[in-house]
Amino acid sequence: MSSSETWTPSHDLALIYIALAYGTDRELTEGEMTTLTDALRDWVVVPDDAHIQELVMEAATAFIEGDARTEVRQSIDDLAQELTLSERRQALRDVMRVAEADGVLLERERGLIHILADAWSLKKMSDDLVEATSAIVQREEENWGLIHELTFLYIIVAHSADNDLSNREIEIILDRLQEWEPELSREALRDVFRRALQVYADQPEADLIEDSVEALKEALPLVQRLTALDDLHTIAQADGVLSEEERELILNLARAWEVNVRLNGQR
């Protein structure tokens, strides 16, 4: 969509605004929509409501029907080339307005703002904007960090083969987590496990799983991604057998993390 001849920098901005207002919590409030359209007025050639609404719809279609993550990343990179420093600074202020529109600044919104700021060489400005926000700064999942993302994936693999979590599998997961967070007590790790299990028990949508995979890919260097895959392999074999479903899950994760691994001769 973003490669279309009719696609403009205003579309790129609209798509980023939509990613913040809708993509982080799958909800677009009236206040967010008003802030989003107001933010676009200074960027469009014809700043009338009908034109802006059409632009928003085109950007929303690209976000919802396409590969949202790829579309957003492409828009961020394109704007880094197309906007002047002054324009990027104004766009970042607009981005922050959209993120704050519902009165809450989620962790995923903050993450997207920082990715954008890094690409636009405005990291200090983004830090200052987040620090000065009047919105309630809140994690999408309270006390949810990378250790929870890892635990979440470990539970998915452990549970996938037989729809059961044995005590042995749980203890192996806790042992592996201890190596990631050696300063945490066993009880604290059990709290992490229970928190991740609660999210898993709520039957997470594919988007949440993909977000966890992507978050770990971005946060972990190659060596640690290999370590995580080794953990997953050990957990999958806790019952003595590596099932075909477990093998496929691990191989898919390896591909998503751009890591080459072999499991029983398969790549």
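How many helices and how many strands does the protein have? The protein has 13 helices and two strands, and the model shown here is predicted.

**Figure 1. Overview of the predicted model.** The chain holds 267 residues, and 42% of them count as buried. The protein exposes about 13800 Å². Among contacts with a separation of 6 or more, 71% are between residues 24 or more positions apart.

**Figure 2. Helix α4 and the helices around its buried residues.** Helix α4 covers residues 68-82, 15 residues in total. From its first C-alpha to its last, α4 reaches 21 Å, close to the 21 Å expected at 1.5 Å a residue. Its buried residues are Glu71, Val72, Ser75, Ile76, Leu79 and Ala80. An α-helix has 3.6 residues a turn, so residues three or four places apart point the same way.

**Figure 3. Asp94 in helix α5.** Is Asp94 buried or exposed? Asp94 counts as buried because its relative accessibility is 3%, under the 20% cut-off. Apart from neighbours within four places in sequence, Asp94 is in contact with Tyr17, Ala39 and Trp43.

Figure 4. Rolling a probe the size of a water molecule over the atoms shows where empty space is left. Helices α8 (146-160), α11 (206-219) and α13 (244-256) each supply at least two lining residues. The largest share, four residues, comes from α13. By class, eight of the lining residues are nonpolar, one is polar and none is charged.

**Figure 5. Glu187 in helix α10.** Helix α10 spans residues 186-201 and includes Glu187. Glu187 counts as partly exposed because its relative accessibility is 45%, which lies between the cut-offs of 20% for buried and 50% for exposed. How far apart in space are Glu187 and Leu174? Their C-alpha atoms are 9.8 Å apart, and the two residues are 13 residues apart in sequence.

Terms used: Residues are numbered from 1 along each chain as its sequence is written. This is a predicted model: local features need pLDDT of at least 70, side-chain atom pairs count only at pLDDT 80 or more; totals for chains, interfaces and linings use all residues. Side-chain values use heavy atoms; hydrogens and water are left out. Buried means under 20% relative accessible area, exposed over 50%, partly exposed in between (1.4 Å probe, protein chains only). Contact means heavy atoms within 4.5 Å. Accessible areas come from the Shrake-Rupley method with a 1.4 Å probe; for residues, only the protein chains shown count as cover. The expected span of a helix is 1.5 Å times one less than its number of residues. Ala, Val, Leu, Ile, Met, Phe, Trp, Tyr, Cys and Pro count as nonpolar, Asp, Glu, Lys and Arg as charged, and the others, Gly among them, as polar.
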